[in-house]
Amino acid sequence: MPLNLPMILTWIRIVLIPLVVGVYFLPDTVLSVHLQNWVGACIFIVAAITDAFDGYLARRWNQTSAFGAFLDPVADKLMVGAALIILVDLGRIGPFIALIIIGREITISALREWMASIGARNSVAVNWLGKLKTIAQMVAIPMLLVNEPVLGIDMRMLGMLLIYVAAVLTVWSMCYYLMKAWPEIQARS
């Protein structure tokens with residue numbers, strides 16, 4: 001396993017996942033709910049920033065690896081999945097939204113794995129729709145973690161709007177990837 005800055009950023013994202021979760025299990029006497037929300041959101045934002053840079057730096061510095069290509073999306077899925085479960089537990093989003101987003105991630109990950117096994121991974125490569133979905137999630141989740149007005153902006157309301165946009169983009173991108181893979185699925189059925 002190569003150890004370079006892009007890979008370190010990916011590992012940092014993985015290490016931050018239990019920290020985000022753990023913040024919300026601290027007693028109020030250790031960390032108030034207000035601080036839990038802010039600390040959790042800040043940790044999530046740091047993790048999201050590592051997501052923005054690790055792949056970019058790996059490509060720019062020619063430090064890509066098969067393991068890094070595997071680990072990066074796994075870290076993303078774990079980070080988003082953990083945050084969504086926290087938000088459901090806190091009653092800030094409904095379980096159906098979390099199920100849509102997490103279910104799509106599992107479905108598309110399995111599809112990509114299968115397509116790679118038959119030598120057709122490029123037909124389900126990440127496109128702009130998947131990136132837009134990720135951006136919507138990465139912006140909505142910290143807003144929902146904060147869950148209070150900031151500078152007069154209702155983060156909860158804006159976060160809810162964006163998580164619904166992310167859910168729509170999630171379904172849309174899943175349909176897009178399934179349509180791209182459909183010829184291979186049909187040919188091998």
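**Entry 1: a buried spot.** I started with Ala 140, which counts as buried because its relative accessibility is 0%. My cut-offs: buried means under 20% relative accessible area, exposed over 50%, and partly exposed in between, with a 1.4 Å probe and protein chains only. Ala 140 sits in helix H5, residues 128–146.

**Entry 2: what I am working with.** This is a predicted model, so I note that local features need pLDDT of at least 70 and side-chain atom pairs count only at pLDDT 80 or more, while totals for chains, interfaces and linings use all residues. Residues are numbered from 1 along each chain as its sequence is written, and side-chain values use heavy atoms, with hydrogens and water left out.

**Entry 3: overall layout.** I count six helices and two strands in the protein chain; these are DSSP runs numbered from the N terminus (helices H or I, at least four residues; strands E, at least two). Along the sequence the order reads α-α-α-α-α-β-β-α. The radius of gyration of the protein chain is 18 Å, close to the 16 Å from the globule rule for 189 residues, so the chain is as compact as a globular protein of that length. That radius is taken over C-alpha atoms, and the rule is 2.2 Å times the number of residues to the power 0.38. Buried residues make up 41% of the 189 residues.

**Entry 4: salt bridges.** How many salt bridges does a search of the whole structure find? It finds eight, taking a salt bridge as a side-chain nitrogen of Lys or Arg within 4 Å of a carboxyl oxygen of Asp or Glu. One of them pairs Arg 13 with Asp 72, with the closest N and O atoms 2.5 Å apart. Arg 13 is in helix H1 and Asp 72 in helix H3, so this pair ties together parts 59 residues apart in sequence. Is Arg 13 buried or exposed? It counts as buried, at 0% relative accessibility.

Next I followed Glu 105. Its salt bridge with Lys 77 has the closest N and O atoms 3.3 Å apart. Lys 77 lies in helix H3 and Glu 105 in helix H4 (residues 95–117), so the pair ties together parts 28 residues apart in sequence. Glu 105 also forms a salt bridge with Lys 133, with the closest N and O atoms 2.7 Å apart. Here the link runs from helix H4 to helix H5, so again it ties together parts that are 28 residues apart in sequence. Glu 105 and Lys 133 are both buried. Separately, salt bridges that share partners join Arg 13, Asp 51, Asp 54, Asp 72 and Asp 76 into one network.

**Entry 5: nonpolar patch.** I found a nonpolar patch on the surface with about 890 Å² of accessible area together, its residues including Ile 8, Trp 11, Trp 61 and Phe 67. Patch residues have over 30% relative accessible area and no salt bridge; like charges are joined within 9 Å, and nonpolar side chains (Val, Leu, Ile, Met, Phe, Trp, Tyr) within 5 Å. The areas come from the Shrake-Rupley method with a 1.4 Å probe, and for residues only the protein chains shown count as cover. H1 (5–23) and H3 (66–89) each supply at least two of the patch residues.

**Entry 6: cysteines.** I found zero disulfides in the whole structure, a disulfide being a pair of cysteine sulfur atoms within 2.5 Å. Cys 42 is partly exposed at 42% relative accessible area, and Cys 175 is partly exposed at 38%.
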